[in-house]
Amino acid sequence: MAARHRRRTAAFAVIAVLGALPAAVGCDAVNKALDCVQTADSIADSVTNLQQAVENAANDPTQTDESLNAIENNLDKIGDKTDNADVNKAVDDLNKAVGNVRTAIKNGDNTPDVSPVTDAAGELTKVCTP
């Protein structure tokens with residue numbers, strides 16, 4: 001149900017992006033905005049997977065690492081496609097939060113606090129939608 005809500009929210013965000021852009025804006029700007037929204041939606045899914053993986057770490061500790069990898073891969077996609085300072089800051093903040101979770105796991109914390117990852121992902125979603 002939450003995934004459906006996020007996808008619906010992302011769809012509305014795409015519509016808002018398209019509606020907010022003046023006709024003079026080229027296709028490249030629209031494509032970048034759509035890429036940002038779509039990738040932010042993928043990151044939201046990965047953050048949800050990360051939360052579940054941390055909760056189930058005792059059963060399968062590899063899920064946490066896979067979720068962190070998915071977030072980082074999606075962040076690379078956004079970082080390569082934007083020159084927006086707010087988006088870049090949100091990407092940097094999310095990368096830092098993911099790194100902190102990795103460090104906590106490496107140091108033996110089987111249930112690290114992922115709320116900074118969730119907060120940073122929310123900020124990224126916010127800056128990707130006009």
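1. Asp 65 forms a salt bridge with Arg 102, and the closest N and O atoms of the pair are 2.5 Å apart. The two residues are 37 apart in the chain and link distant parts of it, since Asp 65 belongs to helix H3 and Arg 102 to helix H4. It should be kept in mind that this is a predicted model. Asp 65 is partly exposed, with a relative accessible area of 38%, and Arg 102 is likewise partly exposed, at 23%. Together with Glu 72, Asp 65 and Arg 102 are linked in a network of salt bridges.

2. Asp 93 pairs with Lys 89, with 2.8 Å between the closest N and O atoms; both lie in helix H4, 4 residues apart, which is about one turn of the helix. Lys 89 is exposed at 51%, whereas Asp 93, at 34%, counts as partly exposed. In helix H5, the side chains of Lys 126 and Glu 123 meet in a salt bridge at 3.4 Å, N to O, and these residues are 3 apart, again about one turn. An α-helix has 3.6 residues a turn, so residues three or four places apart point the same way.

3. The largest nonpolar core has 23 residues, and among those with the most contacts inside it are Ile 43, Ile 71, Leu 94 and Leu 124. Helices H2 (27-55), H3 (62-81), H4 (85-106) and H5 (115-128) each supply at least two residues of this core, with H4 giving the most, 7 residues. Leu 94 touches Ile 43, Ile 71, Leu 75, Val 117, Ala 120, Ala 121 and Leu 124, when residues up to four places away in sequence are not counted.

4. Which residues of H5 are buried? They are Val 117, Ala 120, Ala 121, Leu 124 and Cys 128. Seen down the axis of H5, these buried residues fall within an arc of 100 degrees, so they line one face of the helix. On the other side of H5, Asp 119 and Lys 126 are exposed, the latter at 53% relative accessibility. As for length, the 14 residues of H5 should span 20 Å at 1.5 Å a residue, which agrees with the 20 Å between its end C-alpha atoms.

5. Ser 46, found in helix H2, is buried, with a relative accessible area of 6%. Leaving aside neighbours within four places in sequence, Ser 46 is in contact with Ser 67, Ala 70, Ile 71 and Asn 74.

Conventions:
Residues numbered from 1 in each chain as written. Predicted model: local features only at pLDDT ≥ 70, side-chain atom pairs only at ≥ 80, totals over all residues. Heavy atoms only, no water. Core = buried A, V, L, I, M, F, W, Y, C linked by side-chain atoms within 4.5 Å. Buried < 20%, exposed > 50% of the residue type's maximum accessible area, 1.4 Å probe, protein only. Contact = heavy atoms within 4.5 Å. Expected span 1.5 Å × (residues − 1). Arc of directions from axis to C-beta. Salt bridge = Lys/Arg side-chain N within 4 Å of Asp/Glu carboxyl O.
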